[in-house]
Amino acid sequence: MCELFAVSAKEKIHVNELLKEFFSHSREHPNGWGIAIFDGGNQNIEREPVRASHSLYLKNRLTNEIYVNQMLAHIRRATIGEVNYHNTHPFVKRDVSGRSWTLIHNGTIFEASVLSPYQYSQEGSTDSERILLYLVDRINENLENDWNSFDVNDRFRVADDMTRTLAPGNKLNLIFHDGEYLYVHKNAAGTLYIREKEGEAIFSTQPLGEGKWSEVPRNRLLIYKDGRRIFTGEEHDHSYVEDPEQVKMLFLGFSGL
(Lines give C-alpha, C1' and ligand atoms only; values in the text may rest on other atoms or scores of the structure.)
Protein backbone atom coordinates (compact mmCIF):
# COMPACT_ATOMS: atom_id res chain seq x y z
CA MET A 1 0.00 0.00 0.00
CA CYS A 2 2.48 2.67 1.18
CA GLU A 3 5.82 2.87 2.96
CA LEU A 4 6.80 5.01 5.93
CA PHE A 5 10.11 6.43 7.15
CA ALA A 6 10.84 8.58 10.20
CA VAL A 7 13.68 9.86 12.34
CA SER A 8 13.81 10.95 15.98
CA ALA A 9 17.31 11.82 17.17
CA LYS A 10 18.95 14.01 19.78
CA GLU A 11 21.62 15.20 17.34
CA LYS A 12 21.28 15.69 13.60
CA ILE A 13 22.14 12.64 11.50
CA HIS A 14 22.97 12.23 7.82
CA VAL A 15 20.06 10.56 5.98
CA ASN A 16 20.84 10.77 2.25
CA GLU A 17 21.71 7.11 1.79
CA LEU A 18 18.75 5.94 3.83
CA LEU A 19 16.41 8.15 1.82
CA LYS A 20 17.85 7.00 -1.49
CA GLU A 21 17.21 3.39 -0.55
CA PHE A 22 13.77 4.20 0.82
CA PHE A 23 12.69 6.09 -2.31
CA SER A 24 14.09 3.32 -4.53
CA HIS A 25 11.04 1.30 -3.43
CA SER A 26 8.83 3.63 -5.45
CA ARG A 27 8.58 1.11 -8.26
CA GLU A 28 6.01 -0.70 -6.11
CA HIS A 29 4.69 2.58 -4.65
CA PRO A 30 4.46 4.91 -7.67
CA ASN A 31 1.67 7.31 -6.71
CA GLY A 32 3.53 10.06 -4.89
CA TRP A 33 6.32 10.91 -2.49
CA GLY A 34 6.77 13.36 0.34
CA ILE A 35 9.04 14.46 3.16
CA ALA A 36 8.62 16.63 6.24
CA ILE A 37 11.64 18.03 8.06
CA PHE A 38 11.25 19.66 11.49
CA ASP A 39 13.88 22.09 12.72
CA GLY A 40 13.68 24.47 15.66
CA GLY A 41 9.91 24.72 15.62
CA ASN A 42 9.79 25.13 11.86
CA GLN A 43 8.65 22.52 9.37
CA ASN A 44 9.35 22.09 5.70
CA ILE A 45 7.00 19.94 3.62
CA GLU A 46 8.00 18.76 0.13
CA ARG A 47 5.78 16.42 -1.90
CA GLU A 48 4.80 15.50 -5.43
CA PRO A 49 2.09 13.19 -6.83
CA VAL A 50 4.62 11.38 -9.04
CA ARG A 51 6.81 8.31 -8.70
CA ALA A 52 9.84 9.19 -6.59
CA SER A 53 12.24 7.59 -9.07
CA HIS A 54 10.79 9.83 -11.84
CA SER A 55 11.09 13.09 -9.87
CA LEU A 56 13.84 15.41 -11.07
CA TYR A 57 13.17 17.62 -8.05
CA LEU A 58 13.75 14.76 -5.61
CA LYS A 59 16.84 13.58 -7.48
CA ASN A 60 18.34 17.07 -7.16
CA ARG A 61 17.20 17.35 -3.54
CA LEU A 62 19.07 14.18 -2.59
CA THR A 63 22.31 15.44 -4.13
CA ASN A 64 22.46 18.00 -1.31
CA GLU A 65 23.54 16.81 2.14
CA ILE A 66 20.53 16.31 4.42
CA TYR A 67 21.04 16.29 8.18
CA VAL A 68 17.97 15.98 10.41
CA ASN A 69 16.93 15.06 13.90
CA GLN A 70 13.20 14.97 13.19
CA MET A 71 11.80 13.82 9.88
CA LEU A 72 8.97 11.95 8.13
CA ALA A 73 9.00 10.48 4.61
CA HIS A 74 6.39 8.60 2.58
CA ILE A 75 5.87 6.84 -0.73
CA ARG A 76 2.32 6.12 -1.81
CA ARG A 77 0.55 3.24 -3.48
CA ALA A 78 -2.97 4.59 -3.86
CA THR A 79 -6.00 2.66 -2.67
CA ILE A 80 -8.43 5.42 -1.66
CA GLY A 81 -8.21 8.79 -3.38
CA GLU A 82 -6.96 9.84 -6.80
CA VAL A 83 -3.31 10.53 -7.59
CA ASN A 84 -2.97 14.27 -7.09
CA TYR A 85 -1.19 16.80 -4.89
CA HIS A 86 -3.90 17.00 -2.21
CA ASN A 87 -3.81 13.22 -1.73
CA THR A 88 -0.03 13.08 -1.34
CA HIS A 89 1.45 12.54 2.14
CA PRO A 90 2.44 14.09 4.53
CA PHE A 91 -0.75 15.82 5.61
CA VAL A 92 -0.60 18.88 7.87
CA LYS A 93 -3.24 20.53 10.06
CA ARG A 94 -3.03 23.19 12.81
CA ASP A 95 -5.05 22.91 16.00
CA VAL A 96 -6.69 25.94 17.64
CA SER A 97 -3.56 26.64 19.70
CA GLY A 98 -1.51 27.02 16.49
CA ARG A 99 0.32 23.71 16.87
CA SER A 100 0.92 21.89 13.58
CA TRP A 101 0.25 18.15 13.35
CA THR A 102 1.86 16.24 10.46
CA LEU A 103 0.84 12.69 9.56
CA ILE A 104 1.78 9.82 7.25
CA HIS A 105 -0.19 6.57 6.99
CA ASN A 106 0.29 3.07 5.61
CA GLY A 107 -2.97 1.16 5.46
CA THR A 108 -6.64 1.45 4.73
CA ILE A 109 -9.62 2.43 6.84
CA PHE A 110 -12.42 -0.04 6.16
CA GLU A 111 -14.61 0.68 9.18
CA ALA A 112 -14.76 4.03 10.98
CA SER A 113 -17.99 6.00 10.96
CA VAL A 114 -16.32 8.78 13.01
CA LEU A 115 -14.25 9.68 9.93
CA SER A 116 -17.16 9.94 7.47
CA PRO A 117 -18.03 13.61 8.14
CA TYR A 118 -14.53 14.72 7.10
CA GLN A 119 -15.05 13.71 3.49
CA TYR A 120 -16.97 16.99 3.12
CA SER A 121 -14.27 19.25 4.56
CA GLN A 122 -10.96 17.68 3.57
CA GLU A 123 -8.78 19.09 0.78
CA GLY A 124 -8.22 15.70 -0.85
CA SER A 125 -10.12 12.43 -0.71
CA THR A 126 -7.96 9.99 1.25
CA ASP A 127 -8.83 8.14 4.43
CA SER A 128 -5.38 9.15 5.71
CA GLU A 129 -6.19 12.86 5.65
CA ARG A 130 -9.45 12.13 7.47
CA ILE A 131 -7.49 10.49 10.30
CA LEU A 132 -5.52 13.70 10.81
CA LEU A 133 -8.62 15.88 10.74
CA TYR A 134 -10.27 13.64 13.32
CA LEU A 135 -7.20 13.76 15.57
CA VAL A 136 -6.99 17.56 15.42
CA ASP A 137 -10.71 17.87 16.15
CA ARG A 138 -10.23 15.69 19.23
CA ILE A 139 -7.34 17.91 20.33
CA ASN A 140 -9.42 21.05 19.70
CA GLU A 141 -12.35 19.74 21.75
CA ASN A 142 -10.10 19.23 24.73
CA LEU A 143 -8.38 22.59 24.30
CA GLU A 144 -11.68 24.43 24.11
CA ASN A 145 -13.04 22.64 27.18
CA ASP A 146 -10.01 23.26 29.37
CA TRP A 147 -7.40 25.43 27.62
CA ASN A 148 -5.38 26.30 30.73
CA SER A 149 -4.79 22.78 32.01
CA PHE A 150 -4.50 20.86 28.70
CA ASP A 151 -0.85 19.81 28.62
CA VAL A 152 1.50 17.40 26.84
CA ASN A 153 0.20 14.43 28.80
CA ASP A 154 -3.31 15.23 27.61
CA ARG A 155 -2.05 15.31 24.02
CA PHE A 156 -0.63 11.83 24.54
CA ARG A 157 -3.91 10.65 26.06
CA VAL A 158 -6.02 11.97 23.17
CA ALA A 159 -3.69 10.46 20.56
CA ASP A 160 -3.65 7.12 22.37
CA ASP A 161 -7.44 7.03 22.55
CA MET A 162 -7.69 7.91 18.84
CA THR A 163 -5.52 4.97 17.78
CA ARG A 164 -7.54 2.54 19.88
CA THR A 165 -10.77 3.97 18.45
CA LEU A 166 -9.66 3.58 14.82
CA ALA A 167 -7.75 0.29 15.03
CA PRO A 168 -10.67 -2.20 15.00
CA GLY A 169 -11.11 -3.62 11.48
CA ASN A 170 -8.50 -1.31 9.95
CA LYS A 171 -4.84 -1.30 9.00
CA LEU A 172 -3.57 1.60 11.07
CA ASN A 173 0.16 2.06 10.59
CA LEU A 174 0.66 5.71 11.48
CA ILE A 175 3.53 8.06 12.19
CA PHE A 176 2.70 11.63 13.14
CA HIS A 177 4.45 14.62 14.68
CA ASP A 178 3.16 17.50 16.80
CA GLY A 179 6.16 19.81 16.39
CA GLU A 180 7.88 18.30 19.45
CA TYR A 181 7.12 14.60 19.69
CA LEU A 182 7.02 11.68 17.25
CA TYR A 183 4.04 9.31 17.55
CA VAL A 184 4.20 5.77 16.13
CA HIS A 185 1.49 3.11 15.88
CA LYS A 186 1.21 -0.13 13.94
CA ASN A 187 -1.24 -3.03 14.11
CA ALA A 188 -0.02 -5.33 11.32
CA ALA A 189 2.84 -7.76 11.80
CA GLY A 190 5.99 -7.28 9.73
CA THR A 191 5.05 -3.80 8.50
CA LEU A 192 7.21 -1.38 10.50
CA TYR A 193 10.75 -1.68 11.89
CA ILE A 194 13.03 0.36 14.14
CA ARG A 195 16.79 0.81 14.35
CA GLU A 196 17.82 2.19 17.72
CA LYS A 197 20.95 3.36 19.46
CA GLU A 198 21.61 5.92 22.16
CA GLY A 199 19.81 9.14 21.25
CA GLU A 200 18.59 7.87 17.86
CA ALA A 201 15.54 6.00 16.56
CA ILE A 202 14.90 5.40 12.86
CA PHE A 203 11.68 3.84 11.60
CA SER A 204 10.98 2.24 8.23
CA THR A 205 8.42 -0.07 6.67
CA GLN A 206 11.36 -2.17 5.46
CA PRO A 207 14.81 -2.32 7.10
CA LEU A 208 17.28 -0.02 5.32
CA GLY A 209 21.05 -0.03 5.13
CA GLU A 210 23.18 -1.59 7.81
CA GLY A 211 22.58 -2.05 11.51
CA LYS A 212 20.21 -4.07 13.65
CA TRP A 213 16.52 -3.60 12.91
CA SER A 214 13.69 -4.98 15.02
CA GLU A 215 9.92 -4.92 14.69
CA VAL A 216 8.10 -1.99 16.23
CA PRO A 217 5.84 -3.31 19.02
CA ARG A 218 2.32 -3.85 17.75
CA ASN A 219 -1.06 -2.56 18.97
CA ARG A 220 0.05 0.35 21.12
CA LEU A 221 0.97 3.98 20.59
CA LEU A 222 4.66 4.81 21.11
CA ILE A 223 5.92 8.38 21.52
CA TYR A 224 9.53 9.47 21.04
CA LYS A 225 11.57 12.54 21.88
CA ASP A 226 15.25 12.93 20.90
CA GLY A 227 15.47 9.29 19.89
CA ARG A 228 14.12 7.97 23.19
CA ARG A 229 10.73 6.43 23.89
CA ILE A 230 8.99 8.51 26.54
CA PHE A 231 5.44 7.14 26.40
CA THR A 232 3.84 3.76 25.74
CA GLY A 233 0.10 3.71 25.26
CA GLU A 234 -2.47 1.19 26.39
CA GLU A 235 -2.22 -2.06 24.45
CA HIS A 236 -5.22 -3.14 22.39
CA ASP A 237 -6.01 -6.43 20.63
CA HIS A 238 -7.03 -5.12 17.19
CA SER A 239 -4.35 -6.61 14.96
CA TYR A 240 -4.90 -6.30 11.22
CA VAL A 241 -4.46 -9.36 9.03
CA GLU A 242 -4.61 -8.66 5.30
CA ASP A 243 -7.47 -10.20 3.34
CA PRO A 244 -6.24 -10.60 -0.27
CA GLU A 245 -9.77 -10.40 -1.68
CA GLN A 246 -10.49 -7.21 0.25
CA VAL A 247 -7.29 -5.62 -1.03
CA LYS A 248 -8.02 -6.79 -4.58
CA MET A 249 -11.42 -5.11 -4.51
CA LEU A 250 -9.82 -1.86 -3.31
CA PHE A 251 -7.39 -1.79 -6.22
CA LEU A 252 -10.10 -2.68 -8.70
CA GLY A 253 -12.13 0.22 -7.35
CA PHE A 254 -9.18 2.56 -7.61
CA SER A 255 -8.48 1.51 -11.21
CA GLY A 256 -12.14 1.90 -12.14
CA LEU A 257 -12.47 -1.70 -13.30
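Modeller: Let me start with how axes and angles are defined: axes are lines fitted to C-alpha atoms, for helices over the stretch in contact, and angles run from 0 to 180 degrees between N-to-C directions. This is a predicted model, where local features need pLDDT of at least 70, side-chain atom pairs count only at pLDDT 80 or more, and totals for chains, interfaces and linings use all residues. Residues are numbered from 1 along each chain as its sequence is written, and side-chain values use heavy atoms, with hydrogens and water left out.

Biologist: Thanks! What makes H3 and H4 oblique to each other?

Modeller: Helix H3 (127-145) and helix H4 (residues 152-166) pack at an angle of about 140°, their axes 10 Å apart. Angles under 35 degrees count as roughly parallel, over 145 as roughly antiparallel, 65 to 115 as roughly perpendicular and the rest as oblique. The pair is therefore oblique. Helices here are DSSP runs of H or I with at least four residues, strands are runs of E with at least two, and both are numbered from the N terminus.

Biologist: Which residues of H3 and H4 meet?

Modeller: Contact means heavy atoms within 4.5 Å. On the H3 side they include Ile 131, Tyr 134 and Leu 135, and on the H4 side Val 158, Ala 159 and Met 162 are among them. By class, this contact has eight nonpolar, two polar and four charged residues. Ala, Val, Leu, Ile, Met, Phe, Trp, Tyr, Cys and Pro count as nonpolar, Asp, Glu, Lys and Arg as charged, and the others, Gly among them, as polar.

Biologist: Why is Tyr 120 called exposed?

Modeller: Buried means under 20% relative accessible area, exposed over 50%, and partly exposed in between, with a 1.4 Å probe and protein chains only. Tyr 120 has 70%, so it is exposed. You will find Tyr 120 in the loop between strand S6 (100-106) and H3.

Biologist: And why does Asn 16 count as buried?

Modeller: Asn 16 has 2% relative accessibility, so it falls on the buried side of that cut-off. Asn 16 lies in helix H1 and touches Leu 62, Asn 64, Glu 65 and Ile 66, leaving aside residues up to four places away in sequence.

Biologist: How do you know that S2 and S3 pair?

Modeller: Two strands pair if DSSP finds at least two bridges between them. S2 and S3 have seven, in the antiparallel sense, so they pair by that rule. Asp 39 has Asn 42 in S3 as its bridge partner. Two residues separate the strands of this hairpin, and Gly 40 takes a positive phi near 60°.

Biologist: What makes S2 largely enclosed by the rest of the structure?

Modeller: Six of its seven residues are buried, so S2 is largely enclosed. S2 is also joined to S4 by five antiparallel bridges, and Trp 33 stands opposite Ile 75 in S4.

Biologist: Where do these strands sit in the open sheet?

Modeller: The order of its seven strands is S3-S2-S4-S1-S10-S9-S11, with antiparallel pairing. Strand S3 (42-48) and strand S11 (214-215) are the edge strands, as each pairs on one side only. Helix H1 (residues 16-23) packs on the sheet, and its direction makes about 5° with that of S4.

Biologist: How many bridges join S12 to S13?

Modeller: Strand S12 (residues 222-225) and strand S13 (residues 228-232) pair over four bridges, running antiparallel.
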